[in-house]
Each structure stands twice: as C-alpha cells, then as structure tokens.
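Please look over the fold below before reading on. The report starts with the chain as a whole and then turns to single residues.

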Amino acid sequence: MTEPTVAPGAGDFWSVALPADAEAPFEVFVNGVPRREGVDYRVDGRWLRFSTPLRSRPRVGFGRRLMLLAGIGVYGDLGSDAVDIHWSEGRRSAHGLEILPPQEPLTDS
C-alpha cells in the first residue's frame, strides 16, 4: 500500500510555488513587508509554506464579470495578499505569486 499523496497546499499552511528558476537565498515579501525564513515561512522543496493566513485572490465568476462590464463595481471582497520573491542578489524577481490555501490530503486511487 502506498502513502497518500498530499496536495501542494495541504496541511495548515498557505503555499506559494517558487518560480522554476528561483534559487536560494530568497528575499520574500508579503504586501511589501520582508518575511524571514524559519519565522514567517519555510521552504519545502519548490514551495514556500506560510503558517499565518494569507488571502488568495478570489476568482471573478460570470456574475462578477457581468456586474463589472455593466459598470457596477465589485469591491471589498476582491482583496488579496501579494507575495513577491527576489533571488540572485536581487537581480531576479517574481511578483504577485498565486497563493494556495490549506487543503485536505488527497488519496491514491
């Protein structure tokens, strides 16, 4: 019997995928505020794991899009946190990376 597979955002962590070419050491910022490895987040393979809640950008569904096209603003619930990463002595960066909330473990089929 094989062990269950865990989804990228599984556990009690909010997860952010590292860009393919990102190499340690990283500088990590949430909403422009520097974060520290081991205190605010940990590196887990190609993922950053945050134990404090982060707000991921909600999907803009058909209803919201229709309201926006009609000129009716959809405010208040579209806010999210912005995670930015700098590496290679600040020469490379990625901005507004996708945040995955905690998820339940997946099981093998």
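## Basis of the model

This is a predicted model: local features need pLDDT of at least 70, side-chain atom pairs count only at pLDDT 80 or more, and totals for chains, interfaces and linings use all residues. Residues are numbered from 1 along each chain as its sequence is written, and side-chain values use heavy atoms, with hydrogens and water left out.

## The chain as a whole

The chain holds 1 helix and 8 strands. Helices (H or I, at least four residues) and strands (E, at least two) are DSSP runs, numbered from the N terminus. In order from that end, the elements read β-β-β-β-β-α-β-β-β.

Of the 109 residues in the chain, 27% are buried. Buried means under 20% relative accessible area, exposed means over 50%, and partly exposed lies in between (1.4 Å probe, protein chains only). The accessible surface comes to about 7700 Å². Carbon and sulfur atoms account for 55% of that surface. These areas come from the Shrake-Rupley method with a 1.4 Å probe; for residues, only the protein chains shown count as cover.

Contacts here are heavy atoms within 4.5 Å. Among contacts between residues at least 6 apart in sequence, 68% join residues at least 24 apart.

An open sheet of 4 strands has the order 4-5-1-8, with antiparallel pairing. Strand 4 and strand 8 (99-100) are at the edges, each with a single partner strand, so one side of each has no neighbour in the sheet. Two strands pair if DSSP finds at least two bridges between them.

Strand 1 (residues 14-17) and strand 5 (residues 47-50) run antiparallel and are joined by 4 bridges. In this part of the sheet, Trp14 stands opposite Phe50 of strand 5. Strand 1 also pairs with strand 8, again antiparallel, over 2 bridges. There, Ser15 has Leu100 as its bridge partner in strand 8.

Asp44 belongs to strand 4 (residues 41-44). Why does Asp44 count as partly exposed? Its relative accessible area is 32%. The side chains of Asp44 and Arg49 are joined by a polar contact of 3.1 Å. A polar contact is a pair of N or O atoms within 3.5 Å; within protein, one must be able to donate a hydrogen and the other to accept it, and residues adjacent in sequence count only if both atoms are side-chain atoms.

Asp44 and Ser15 are 29 residues apart in sequence. In space, the C-alpha to C-alpha distance between Asp44 and Ser15 is 9.4 Å.

## Aromatic rings

A pair of aromatic rings is described by the distance of the centres and the angle of the planes. A search of the whole structure finds 1 aromatic pair. Tyr41 and Phe50 form that pair, which is tilted, at 5.7 Å centre to centre and 40° between the planes. Rings of Phe, Tyr and Trp (its six-membered ring) pair if their centres lie within 6.5 Å; planes under 30 degrees apart count as stacked, over 60 as edge-to-face and the rest as tilted. Tyr41 is buried, at 4% relative accessibility. Phe50 is buried too, at 1%.

The charged end of Arg42 sits over the ring of Phe13, 4.6 Å from its centre. The cut-offs are NZ of Lys or CZ of Arg within 6 Å of the ring centre and within 35 degrees of the ring normal.

Asp81 is in the loop between helix 1 (62-69) and strand 6. It is buried, at 12% relative accessibility. Its side chain makes a polar contact of 2.7 Å with the side chain of Asn31. Beyond neighbours within four places in sequence, Asp81 has contacts that include Pro53, Leu54 and Ile99.

Asp84 lies in strand 6 (residues 83-87). It is buried, with a relative accessible area of 15%. The side chain of Asp84 reaches the backbone nitrogen of Gly96 at 2.9 Å.

## Backbone exceptions

Most residues other than glycine have a negative phi, and most peptide bonds are trans. Asn31 has a positive phi of about 55° although it is not a glycine. Asn31 lies in the loop between strand 2 and strand 3 (33-35) and is partly exposed, at 44%.

The bond joining Ala24 and Pro25 is a cis peptide bond, with omega about 5°. Pro25 is in the loop between strand 1 and strand 2 (26-30).
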